[in-house]
Protein chains: 2
Amino acid sequence: MTRYELFYWPDIQGRGEFVRLALEEAAAPYVDVARLPRSKGGGEGAILRVLDGALGPRLPFAAPILRAGKILVAQTAAILQFLAPRHGLVPRDAPSQLWAHQLQLTVADFLVEVHDTHHPVAAGLYYEDQRKEARRRTEHFLRHRLPLFLDYFERVLVKNGGRHPVSGRFSYVDLSLFQILEGLDYAFPRAFRAVRRRIPRLQALREAVRNRPRIAAYLGSPRRIPFNTWGIFRHYPELDLVPRGGR
Amino acid sequence: MTRYELFYWPDIQGRGEFVRLALEEAAAPYVDVARLPRSKGGGEGAILRVLDGALGPRLPFAAPILRAGKILVAQTAAILQFLAPRHGLVPRDAPSQLWAHQLQLTVADFLVEVHDTHHPVAAGLYYEDQRKEARRRTEHFLRHRLPLFLDYFERVLVKNGGRHPVSGRFSYVDLSLFQILEGLDYAFPRAFRAVRRRIPRLQALREAVRNRPRIAAYLGSPRRIPFNTWGIFRHYPELDLVPRGGR
């Protein structure tokens with residue numbers, strides 16, 4: 001079996017976490033390269049070398065990046081689309097795989113909006129340099145976008161049998177929805193409490209994923225990096241606003 | 001041959017334009033549904049019905065949406081990944097297709113950042129209600145992000161033979177790069193002039209795409225919606241800042 005190499009920033013969950021969850025659920029052998037000591041080729045330098053072209057002319061723009069033998073894939077959704085059929089993390093038929101990928105791309109869009117709540121001006125500036133704009137963006141996000149995305153995924157469950165978004169079966173999209181719900185609950189505990197009654201099926205899916213034996217083992221291990229205020233999901237109490245009204 | 005149905009907002013290029021360019025280059029038979037008169041099932045209502053589930057339980061989150069017989073696909077990059085191999089718009093081997101998709105996903109990320117220059121607070125607010133934040137975001141975008149993305153795609157060309165990003169052959173990614181360069185040049189003519197000398201290969205690719213017979217015919221036809229200030233690429237003179245310094 002291929003031993004995968006994952007290249008992702010070593011101190012955050014970030015987008016890499018969607019790949020880590022899939023690899024863990026698959027019990028696939030992998031090395032989280034940048035988390036190795038520098039003496040063993042780890043550290044952020046390992047990522048920078050790949051971005052710089054060390055593994056060939058198909059330059060990734062950003063991490064996460066997965067190496068599988070001769071294949072190098074970047075872009076979270078593309079990595080998952082590549083990995084999932086190799087490990088039974090998606091049904092075998094092409095339409096289900098296309099649908100799973102489409103959902104993952106919508107998760108990715110949602111994630112950009114979550115990130116930009118604390119970085120509405122520029123990813124290259126500190127949060128502290130864009131607090132005012134962050135507050136304004138977050139207000140809109142929590143009032144309009146958060147319920148829009150959550151209602152969408154809840155409706156997808158309702159329309160597709162209630163338990164899983166893809167063809168009535170577990171897939172990597174379940175893992176991704178779990179991760180985004182965990183992140184929202186961490187970043188916006190008050191605001192999330194205000195919306196969670198709207199999404200009973202998503203909440204049930206979240207608990208089901210948490211209790212999968214390999215995921216439970218992973219979450220209890222030191223391999224799971226805790227949420228923190230360097231990642232996509234950040235808890236800043238002043239941004240955890242309870243929306244009045246709603247969309 | 002399948003007659004495709006494209007569901008996209010009828011008054012803008014937007015994300016739908018990446019699909020239109022691919023369909024035009026392929027000379028694929030398609031109907032741009034929402035541009036039909038209402039009496040023939042067109043108008044924005046046609047899109048809203050699909051978003052509401054009229055075509056089955058695999059609900060799209062947003063337009064563009066492509067219908068191909070029984071298949072319904074949303075998410076621009078997924079639509080292109082689905083279409084391209086059916087029409088020779090990407091090489092046949094799986095690694096080339098994965099690489100093309102990865103590039104398209106990076107184009108999609110770039111596009112979000114372009115959009116958010118004029119909508120840094122909320123897509124649901126008017127530009128006029130977020131002008132101050134837009135100016136600040138655009139300054140950072142033009143100084144840091146625009147050169148970062150353009151340099152990346154230029155380097156991809158350099159590393160992959162100079163003319164095409166994917167396997168030395170024309171692909172839909174050429175079309176997408178053309179579109180993003182056209183849009184940037186429309187939205188930020190002064191700022192774009194300041195960076196274009198850094199990207200000679202991208203500029204050559206852009207001209208080559210413009211001169212492809214089917215693309216040239218399309219661009220000269222009424223099917224090509226002009227750029228305007230409702231789309232992703234918007235020309236607001238006050239945001240067309242020439243960056244000083246820069247990365």
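Ala, Val, Leu, Ile, Met, Phe, Trp, Tyr, Cys and Pro count as nonpolar here, Asp, Glu, Lys and Arg as charged, and the others, Gly among them, as polar. With that in hand, welcome to a set of close-ups of a predicted model.

**Figure 1. The second largest pocket, seen through its lining.** Sorted by the classes above, the lining holds 20 nonpolar residues, four polar ones and no charged ones. The space inside comes to about 500 Å³. There are 24 lining residues, and those closest to the centre of the pocket are Gln81(A), Gln97(A), Gln81(B), Gln97(B) and Leu98(B). Both chains take part: α3 (76-83) and α4 (94-118) of chain A, and α3 (76-83) and α4 (94-118) of chain B, each supply at least two residues of the lining.

**Figure 2. Two copies and the axis that relates them.** The same surface serves both copies, as 100% of the contact residues of chain B recur in chain A.

Figure 3. Which residues does Leu150(A) touch, not counting residues up to four places away in sequence? They are Phe110(A), Leu181(A), Leu184(A), Phe192(A), Val195(A), Ile199(A) and Leu202(A).

Figure 4. In chain A, the bond from Ala63(A) to Pro64(A) is cis, with omega near 5°. Pro64(A) sits in the loop between α2 (44-51) and β3 (65-68) of chain A. Turning to chain B, the bond from Ala63(B) to Pro64(B) is also cis, with omega near 5°. The loop that holds Pro64(B) runs between α2 (44-51) and β3 (65-68) of chain B.

**Figure 5. Ala74(A) and its contacts in both chains.** Ala74(A) belongs to strand β4 (residues 71-74) of chain A. With a relative accessible area of 3%, Ala74(A) falls under the 20% cut-off and so counts as buried. Leaving out residues up to four places away in sequence, Ala74(A) touches Pro60(A), Ala62(A), Pro64(A), Ile65(A) and Ile79(A), and also Gln102(B) from chain B. Leu6(A) is 68 residues from Ala74(A) in sequence, and their C-alpha atoms are 9.9 Å apart in space.

Figure 6. Ser167(A) is a residue other than glycine, yet its phi is positive, near 55°. You will find Ser167(A) in the loop between α5 (131-159) and α6 (172-187) of chain A. Is Ser167(A) buried, partly exposed or exposed? Its relative accessibility is 33%, so Ser167(A) counts as partly exposed. In chain B, phi of Ser167(B) is likewise positive, near 55°. Ser167(B) lies between α5 (131-159) and α6 (172-187) of chain B, in the loop, and its relative accessibility of 33% makes Ser167(B) partly exposed.

**Figure 7. Val173(A) in helix α6.** Val173(A) is part of helix α6 of chain A. The relative accessible area of Val173(A) is 0%, so this residue is buried. Setting aside neighbours within four places in sequence, Val173(A) is in contact with Ala100(A), Leu103(A), Pro165(A) and Val166(A). Leu66(A) is 107 residues from Val173(A) in sequence, and 18 Å separates their C-alpha atoms.

**Figure 8. Helix α1 of chain A and the residue that follows.** How many of the ten residues of α1 (residues 16-25) of chain A are buried? Ten of ten are, and the helix is mostly covered. Among these buried residues are Phe18(A), Val19(A) and Leu21(A), as well as Glu17(A), Arg20(A) and Glu24(A). After α1(A) comes Ala27(A), with a positive phi near 50°.

**Figure 9. Arg206(A), a buried arginine.** Arg206(A) is located in helix α8 (residues 200-210) of chain A. Its relative accessible area is 6%, so Arg206(A) is buried. Not counting residues up to four places away in sequence, Arg206(A) touches Glu182(A) and Asp185(A), together with Phe178(A), Leu181(A) and Phe192(A).

Conventions:
Residues are numbered from 1 along each chain as its sequence is written. Chains are lettered from A and ligands numbered from 1 in the order in which they are written. This is a predicted model: local features need pLDDT of at least 70, side-chain atom pairs count only at pLDDT 80 or more; totals for chains, interfaces and linings use all residues. Side-chain values use heavy atoms; hydrogens and water are left out. Contact means heavy atoms within 4.5 Å. On a 1 Å grid over the protein atoms alone, a cavity is a set of points where a 1.4 Å probe fits but cannot get out, and a pocket is an open set with protein on both sides within 12 Å along at least five of seven lines; lining residues have an atom within 4 Å of a point. Grid points are joined across faces, edges and corners, and a volume is the space filled by probe spheres set on the points. Helices (H or I, at least four residues) and strands (E, at least two) are DSSP runs, numbered from the N terminus. Buried means under 20% relative accessible area, exposed over 50%, partly exposed in between (1.4 Å probe, protein chains only).
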